Amino acid sequence: MSVAPARALPSSPPVSRLAARGGLKAGERRVGWIFMVPALVAFTAVILWPFISALGLAFTRYDLRTPEPIFIGLANFRAILASPQILGSFVTTFVFVTLATVFTVAVALAWALILNQSFRGRALLRTATLIPWVLPATVAAFVWAWIFNSRFGVLNAALLSMGIIDLPQAWLSTSAGAMTAVVITKVWISVPVTTTFFLAGLQSMDREQIDAARVDGASDWHVLRDHIMPHLRPVLLVVLVLAVIGNLQQFDKIFALTGGGPVRATTVLSIEVYRLAFDSWDIGMAAAVGLLWVATIVPPAFLYLRHLLKDA
Amino acid sequence: MATLQLSGVCKSFGTTPVLHDIDLDIGEGEFVVFVGPSGCGKSTLLRLICGLDTIDSGTLTIDGEIVNDVPPAKRGIAMVFQSYALYPHMSVASNMGYALRLAGTPKAEIERRVEAAANVLRLGPLLKRKPRQLSGGQRQRVAIGRAIVREPNVFLFDEPLSNLDAALRVDMRAEIAALKQRLGTTMIYVTHDQIEAMTLADRIVVMNAGRIEQVGSPLELYRRPANRVVARFIGSPRMNLLPGALVGDPAAAEIGVRPEHVRLAGVGHGLAGTVRMVEHLGSDLFAHVEIAGVEERVVARLDGGREVHVGEAVSISVDADTSHRFDAQGKRMAPAHNDRRTA
Ligand SMILES: Nc1ncnc2c1ncn2[C@@H]1O[C@H](COP(=O)(O)OP(=O)(O)OP(=O)(O)O)[C@@H](O)[C@H]1O
Ligand SMILES: [Mg+2]
């Protein structure tokens, strides 16, 4: 009985002739590259090449008066540094990204904690939570534009009837009001998915750990601080980075809601690039601002990818 | 140290009743073990005692004070969970000192108490580690250490050793016995393990389907089980049950005989049967005997030196003074008067 397998091993044929020479791996790699080719070609043609040529435009003058891009070195970037408006849009972007990210994460976390309790109607509420997510972004923006509308908006109607304001307010025509409106809209749209992330994290939490903490004397606040937050840390990191990236890229909701106004109050970088390119037709400047805009996204994206790869 | 009284305690989850009318008095420094089949409500009872779940009706009294509405941390109770429930992101030392930190105990005092507990449980070199860097047995000791550090009045253990291998379980059992000696704290301990229950308990509480079947010292339960549930639950291998009529006692519905009291003899000395299985443990030998008219095989515990073979025709007999009589409801009956009876 012990003899048979010992004899069978050497005489049984190897899985593949290549395997014996250690050549199977190299062969597999070659085949792998062949499979990759269509994706690489598509990626290069559709993403990489336009991206690189757009980057190239950042170093040229290319506007309505120049039929061909003219290389001008770093002149566009010097112009950006000298332009208070464009520098202002960096500040606006920073304000918008910070507010939208902080409120999205805070509201989604609170909402997830509520939905993680057991109460009647929880399943319904969980489903309803996803509604803002399935609405197209521009539809959501118009819903909020209507809410904030100065003449027939719901917000004015509600505040007037509660006696909080005496006259209808033109929310979207003040700088602070417009910024608040775009932040609220963005938060409203982002909360569902973010909540889902947090809920998934909460559901993998060990119930007995919280029970043990309760017996040890932990209050709700202690449970949150000492047990739930440390448990959610990896989720929080991913959510934060994704939110920052998403908010840096934000365009459609802001454009639909305020168009970047009033004046430049909500002109974030994405709107700035759009205006430079398609209002002023200054493609060179647009590309230069776009290059800097991409540069702002690289650090969080890098963090995110490193986090993903570390776990893999 | 504390006394603890449960009276008329009921608990339902939704419409499902889980505990019915539990009455129990636990004395100061007593070690009480809850045993019972899975799902009978042992963990639920522990959670009610430490305040993690609320009591539907009835009262829980600790040291003469009704604590139904007192939050867990204020009951002076520490609990060791079956899953250990260590805090994964805290070091061993922080795990153990957590309750004291929450209570605002000065740092030096926390360190002193953590160190003292660590010494008792030989955790000293592990204090800086995280729970995931520990073995199962070490985690178990940390969980116990976390309970000791608080110097509670009552310890609750929910199957604390069930995740450990057999050898480690023996060690930890000894450690818990030593702890009981040293601290003298009131302890309530849930287990599935016969040996843990018999060796650790001052009193055993046998539960079944949300009720207490019997409370008594380990030997009391072993020698005078109040009903067939207790009779079958205490003792391993479990008590044999034979129809009363079959062994010449038609007044009793069933006669229970422990394996060590079953006598095995050659054919013609009692109930005829056939040996179907033999388990040789070295010192002991368990013979499983099939008997016509008895549902389960009767297990006889014999001396390890005996020769018994599968397929052998044998006969078994039982003594009236070592057997237990149960009525049709499974309740214990007084011994019959005919003094010696062999079937
Ligand atoms: N939160 C809950 N909701 C509904 N039913 C529950 C809940 N907790 C326990 N039960 C039910 O209550 C009964 C008793 O459960 P419990 O956990 O107390 O059993 P146990 O005696 O500890 O069992 P085991 O030995 O398997 O640990 C079981 O039938 C269980 O399904
Ligand atoms: Mg249990």
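Leaving aside neighbours within four places in sequence, B:Val289 is in contact with B:Leu264, B:Gly273, B:Thr274, B:Val275, B:Arg297, B:Val298, B:Val314 and B:Ile316. The model in which these contacts occur is a predicted one. B:Val289 belongs to strand 15 of chain B, which covers residues 284-291, and because its relative accessibility is 1%, under the 20% cut-off, B:Val289 counts as buried.

A second residue of chain B, B:Arg122, lies in the loop between helix 3 (107-120) and helix 4 (136-149). B:Arg122 has a relative accessible area of 52%, and it is therefore classed as exposed, the cut-off being over 50%. When neighbours within four places in sequence are set aside, the contacts of B:Arg122 are with B:Arg141 and B:Glu175. The C-alpha atoms of B:Arg122 and B:Gly145 are 9.9 Å apart in space, while 23 residues separate the two in sequence.

Taken as a whole, chain B contains 8 helices and 19 strands, and its C-alpha atoms fill a box of roughly 75 × 45 × 35 Å along the principal axes. Of its 343 residues, 50% count as buried, and chain B exposes about 15,400 Å², of which carbon and sulfur atoms supply 50%. Among those contacts in chain B that link residues at least 6 apart in sequence, 64% are between residues at least 24 apart. The charged side chains of chain B comprise 40 positive and 39 negative ones, and the centres of these two sets lie 6 Å apart.

Chain A, for its part, is made up of 15 helices and 2 strands. Its radius of gyration is 27 Å, whereas the globule rule gives 20 Å for 312 residues; the value for chain A is well over that figure, so the chain is more spread out than a compact globule. Along the principal axes, the C-alpha trace of chain A spans about 95 × 70 × 30 Å. Of the contacts in chain A between residues at least 6 apart in sequence, 64% join residues at least 24 apart. Chain A carries 23 positive and 15 negative side chains, and a distance of 10 Å lies between the centres of the two sets.

The confidence of the prediction can also be described for chain A. Its mean pLDDT is 82, and 91% of its residues reach 70 or more. Within chain A, the lowest confidence is found in helix 1 (residues 3-11), at a mean of 44, and the highest in helix 11 (residues 207-215), at 91. Over residues 1-12 of chain A, pLDDT stays under 50, and for this stretch the model has 0 contacts beyond four places in sequence.

Notes:
Residues numbered from 1 in each chain as written. Chains lettered and ligands numbered in written order. Predicted model: local features only at pLDDT ≥ 70, side-chain atom pairs only at ≥ 80, totals over all residues. Heavy atoms only, no water. pLDDT = per-residue confidence, 0-100. Helix = DSSP H or I, 4+ residues; strand = E, 2+ residues; numbered from the N terminus. Contact = heavy atoms within 4.5 Å. Rg over C-alpha atoms; globule rule 2.2 N^0.38 Å. Lys, Arg positive; Asp, Glu negative; His and termini not counted. Charge placed at Lys NZ, Arg CZ, Asp CG, Glu CD. Buried < 20%, exposed > 50% of the residue type's maximum accessible area, 1.4 Å probe, protein only. Areas by Shrake-Rupley, 256 points an atom, 1.4 Å probe, with all protein chains shown as cover.
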